[in-house]
Amino acid sequence: LHTPGSIRLIEKGNEARLKEAHQNVALALLLDDPEYPTKMISRDEIQELHPLINVDEIECGVYTPCDGDIDPTLLTTQVYRLAKQNGATFKFNTEVLN
């Protein structure tokens, strides 16, 4: 699991995208861990977090500090191993009837 966080950039003048970003943050308040809240951040905060981003045409951003990704093959392999350790059996090349 790799959790570097993410910044969703909202460009200047895009009201629909800004509205969507506010809705995203509102939904995140219901679902996120309060210790790592998704939040709206300013251009200055974007620049501070990622100095290589040109913020000239950026209005603001949505920052998700624990956003990340996982390798699906490694995840599937680990789920398989844990299931097998806990008594699951697997039948490969077998037709599923019901």
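## The sheet

Let's start with the strands: three of them form an open sheet in the order E1-E3-E2, and their pairing is antiparallel. Because E1 and strand E2 (39-41) each have a single partner strand, they stand at the edges, and one side of each is left without a neighbour in the sheet. Direction ignored, neighbouring strands of this sheet are turned by 30 degrees against each other on average. Keep in mind as you look around that this is a predicted model.

The pairing of E1 with strand E3 (residues 58-64) is antiparallel and is made by six bridges. In that pairing, Ser 6 stands opposite Thr 64 in E3.

## The helix on the sheet

Which strands does H1 touch? Helix H1 packs on the sheet and touches E1, E2 and E3. The direction of H1 makes about 150 degrees with that of E1.

## Two salt bridges

The structure holds two salt bridges. In one of them, Glu 20 pairs with Arg 8, and their closest N and O atoms are 3.0 Å apart. This pair links distant parts of the chain: Glu 20 belongs to helix H1 (residues 15-31) and Arg 8 to strand E1 (residues 6-11), twelve residues apart. Are these two residues buried or partly exposed? Glu 20 has a relative accessible area of 40%, so Glu 20 is partly exposed. Arg 8 also counts as partly exposed, at 24% relative accessibility.

Arg 17 forms a salt bridge with Glu 11, where the closest N and O atoms are 3.6 Å apart. With a relative accessible area of 27%, Arg 17 is partly exposed. Glu 11 counts as partly exposed too, at 31% relative accessibility.

Where does Thr 38 lie? You will find Thr 38 in the loop between H1 and E2. Its relative accessible area is 6%, and the cut-off for buried is under 20%, so Thr 38 is buried.

Leaving aside neighbours within four places in sequence, the residues in contact with Thr 38 are Asn 24, Val 25, Ala 28, Asp 32, Val 62, Tyr 63 and Thr 64.

How values were computed. Residues numbered from 1 in each chain as written. Predicted model: local features only at pLDDT ≥ 70, side-chain atom pairs only at ≥ 80, totals over all residues. Heavy atoms only, no water. Salt bridge = Lys/Arg side-chain N within 4 Å of Asp/Glu carboxyl O. Helix = DSSP H or I, 4+ residues; strand = E, 2+ residues; numbered from the N terminus. Buried < 20%, exposed > 50% of the residue type's maximum accessible area, 1.4 Å probe, protein only. Pairing = 2+ DSSP bridges. Axes fitted to C-alpha atoms, helices over the stretch in contact; angles between N-to-C directions. Contact = heavy atoms within 4.5 Å.
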